[in-house]
Amino acid sequence: MGKFNKSGKKEMPALNTSSLPDLIFTLLFFFMIVTTMREVTLKVQFRVPSATETEKLEKKSLVTFIYVGKPTQEFINKMGAGTRIQLNDAFAEVSQVQDYIIQERANMAEADQPFMQVSLKVDKDCKMGIVTDIKQALRQAYALKINYSAAQRQ
Amino acid sequence: MAKGNRKVPDINSSSTADIAFLLLIFFLITTSMDTDRGLVRKLPPPPEKDQKQTDMVAKKRNVLIVKINMNNEIMCGDSYITVDQLKNRVKEFILNENGDENLPELSEKNIPIFGKVMLTAKHVISLQNDRGTSYDAYIGVQNEIVAAYNDLRNEVSQKQFGKSYSELTEDQQAAVRQYYPQKISEAEPKSYGGK
């Protein structure tokens with residue numbers, strides 16, 4: 001009859017993991033391709049409004065970002081809970097926006113300068129007052145192509 | 001000594017997975033996947049310093065005034081409306097199919113591909129907001145106005161070419177854009193009463 005080997009301990013064969021690195025590398029490459037490096041650390045928090053007629057922001061190198069919102073928890077003691085503007089890595093006032101845009105434009109390649117775009121990432125609970133001020137500053141700096149950042153909604 | 005073909009021992013590769021994991025986690029943390037989308041708009045150039053404040057006098061019937069107040073209520077023309085109604089109001093205004101006296105005047109315009117057409121070429125949509133208006137409401141209104149234009153462009157593309165606007169060639173798109181140019185004017189900011 002069949003032999004049942006009760007005494008001999010049968011070890012489970014080890015799972016072959018030689019292809020695991022390849023799997024992980026595939027994942028890695030996927031993420032490297034679809035994501036973009038975060039250029040700034042956000043110091044303000046914002047939830048952009050949603051809209052149906054959004055367009056994709058092309059050519060990230062031409063785009064300058066302006067963030068508007070309430071300071072994050074970390075900075076709320078120092079800066080207060082009011083709406084703040086963030087340019088690059090620092091908090092800024094409306095009066096600094098124009099200089100910032102001019103400087104950013106100067107840093108761009110000359111051929112790209114006319115195509116400069118400014119993306120406004122503004123919290124949806126903000127008041128229009130501060131946005132209007134920024135828009136005026138952008139007009140003064142001749143940065144006329146702007147993009148109101150918004151999430152796509154059906 | 002036996003001259004057997006000695007095998008080179010395999011390099012232990014069991015830690016490659018860990019190294020790859022570390023890299024993966026690094027990229028997951030430092031990158032963000034958000035695809036940036038948004039409403040594209042063009043601002044008017046700043047007023048010249050020595051420019052006189054002469055407002056361009058547009059005929060009343062050619063201007064559709066959309067106002068948003070600090071309570072996010074929308075006024076279109078001279079009645080309060082909701083955001084959902086705005087798109088149809090704007091479309092009706094731009095089209096003026098029946099040559100209504102109170103809607104913008106129709107004039108003949110020569111456009112490549114389309115030839116001579118009757119359009120409300122002089123219409124302007126004037127958007128005014130208060131400093132206290134919420135950004136969300138403002139984007140909502142902007143979105144509806146752009147949606148109205150996109151709808152009209154799609155309709156005319158369907159009629160002329162049998163395709164939607166996004167499927168047209170560059171030249172055709174340019175012609176359609178001339179057919180329905182976006183004319184949204186934003187008034188110089190004013191603060192109407194209080195904070």
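**A buried alanine and its chain**

Modeller: B:Ala148 counts as buried because 24 C-beta neighbours lie inside 10 Å. The cut-offs are these: a residue is buried with 20 or more other C-beta atoms within 10 Å of its own, exposed with 12 or fewer, and partly exposed in between, with C-beta atoms placed from the backbone. This is a predicted model, in which local features need pLDDT of at least 70, side-chain atom pairs count only at pLDDT 80 or more, and totals for chains, interfaces and linings use all residues. Residues are numbered from 1 along each chain as its sequence is written, while chains are lettered from A and ligands numbered from 1 in the order in which they are written.

B:Ala148 sits in helix H3 of chain B. Helices (H or I, at least four residues) and strands (E, at least two) are DSSP runs, numbered from the N terminus. Leaving aside residues up to four places away in sequence, B:Ala148 touches B:Lys87, B:Val90, B:Lys91 and B:Ile94. Contact here means that C-beta atoms, placed from the backbone, lie within 7 Å. B:Arg41 is 107 residues from B:Ala148 in sequence, and their C-alpha atoms are 15 Å apart.

Now the whole chain. Chain B holds four helices and nine strands. From the N terminus the order is α-β-β-β-β-β-α-β-β-β-α-α-β. Of its 195 residues, 21% are buried. Take the contacts in chain B between residues at least 6 apart in sequence: 61% of them join residues at least 24 apart.

Next, the partner chain. In chain B, 40 residues are in contact with 47 residues of chain A. Helix H1 (16-30), strand S1 (31-32), strand S2 (37-42) and helix H3 (135-161) of chain B each give two or more residues to that side. By class, this side of chain B has 20 nonpolar, 13 polar and seven charged residues. Nonpolar covers Ala, Val, Leu, Ile, Met, Phe, Trp, Tyr, Cys and Pro; charged covers Asp, Glu, Lys and Arg; the others, Gly among them, are polar.

Strands also pair across the chains. Pairing requires at least two DSSP bridges between two strands. Strand S4 (residues 55-56) of chain A runs antiparallel to S2(B), joined by two bridges. A:Lys56 stands opposite B:Arg37 there.

One contrast remains. Strand S6 (residues 107-111) of chain B has five residues, and the number buried is zero, so it lies largely in the open. Five bridges join S6(B) to the antiparallel strand S7 (residues 115-119) of chain B. B:Glu108 has B:Met118 as its bridge partner in S7(B). Three residues lie between the strands of this hairpin, where B:Ile113 takes a positive phi near 75°.

Notes. Contact = placed C-beta atoms within 7 Å.
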